[in-house]
Amino acid sequence: MKIAIASDHGGVNIREEIKGLMEEMNIDYVDLGCECGESVDYPDYALPVAEKVVSGEVDRGILICGTGIGMSIAANKVKGIRCALVHDLFSAKATREHNNSNILAMGERVIGPGLAREIAKVWLTTDFEGGRHENRVNKITEYEK
């Protein structure tokens with residue numbers, strides 16, 4: 001599995017935590033920034049991650065900003081993206097099992113680094129169940145066409 005990860009200025013600390021987690025889990029990743037503490041625009045980081053996911057260059061993406069809201073909105077504008085904003089373990093598991101989410105968004109100002117690591121680990125290790133859920137995801141894909 002290969003992951004694209006990025007954050008704006010509001011998510012730099014958790015991005016570093018998640019990179020450490022992926023290294024511990026031997027998951028290959030590409031870090032798309034940002035490398036600053038000054039204010040930047042979240043679409044400049046969300047859209048390149050989403051484009052790498054839909055192109056197949058990476059398998060999934062992780063985005064972090066202050067709340068996760070801006071990143072998830074921007075990523076979901078890209079056809080083929082199912083970005084889920086998650087701040088709890090149940091949703092992290094459910095969005096993979098039921099929605100086959102391909103990008104995880106989190107908010108650094110909403111959750112701490114420990115919970116963010118747990119959420120990312122659950123999301124990275126949970127498979128899509130398919131079955132009745134596959135039909136539902138396929139309806140979204142068809143609508144996007």
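**Exercise 1.** How close do the axes of helix 1 and helix 5 come, and at what angle do they cross? Work out what to call this arrangement, then look at the contact.

*Solution.* Keep in mind that this is a predicted model.

- Step 1: find the two helices. Helix 1 covers residues 12–24, and helix 5 covers residues 113–125.
- Step 2: get the geometry. Their axes come within 9 Å and cross at roughly 45°.
- Step 3: name it. Angles under 35 degrees count as roughly parallel, and 65 to 115 as roughly perpendicular. Helix 1 and helix 5 are therefore oblique to each other.
- Step 4: Helix 1 and helix 5 make a right-handed crossing.

**Exercise 2.** Now try helix 4 against helix 5: at what angle do they pack, and how far apart are their axes?

*Solution.* 

- Step 1: helix 4 spans residues 89–97, and its axis lies 8 Å from that of helix 5, at an angle of about 20°.
- Step 2: with that angle, helix 4 is roughly parallel to helix 5, because angles under 35 degrees fall in that class.
- Step 3: as for handedness, helix 4 passes helix 5 in a right-handed crossing.
- Step 4: on the helix 4 side, pick out Leu89, Ala92, Lys93, Thr95 and Arg96; on the helix 5 side, Leu115, Glu118, Ile119, Val122 and Trp123.
- Step 5: sorted by class, this contact holds six nonpolar residues, one polar and three charged.

Notes: Residues numbered from 1 in each chain as written. Predicted model: local features only at pLDDT ≥ 70, side-chain atom pairs only at ≥ 80, totals over all residues. Heavy atoms only, no water. Axes fitted to C-alpha atoms, helices over the stretch in contact; angles between N-to-C directions. Helix = DSSP H or I, 4+ residues; strand = E, 2+ residues; numbered from the N terminus. Parallel < 35°, antiparallel > 145°, perpendicular 65-115°, else oblique. Left-handed = near helix turned anticlockwise from the far one by under 90°. Contact = heavy atoms within 4.5 Å. Nonpolar A, V, L, I, M, F, W, Y, C, P; charged D, E, K, R; others polar.
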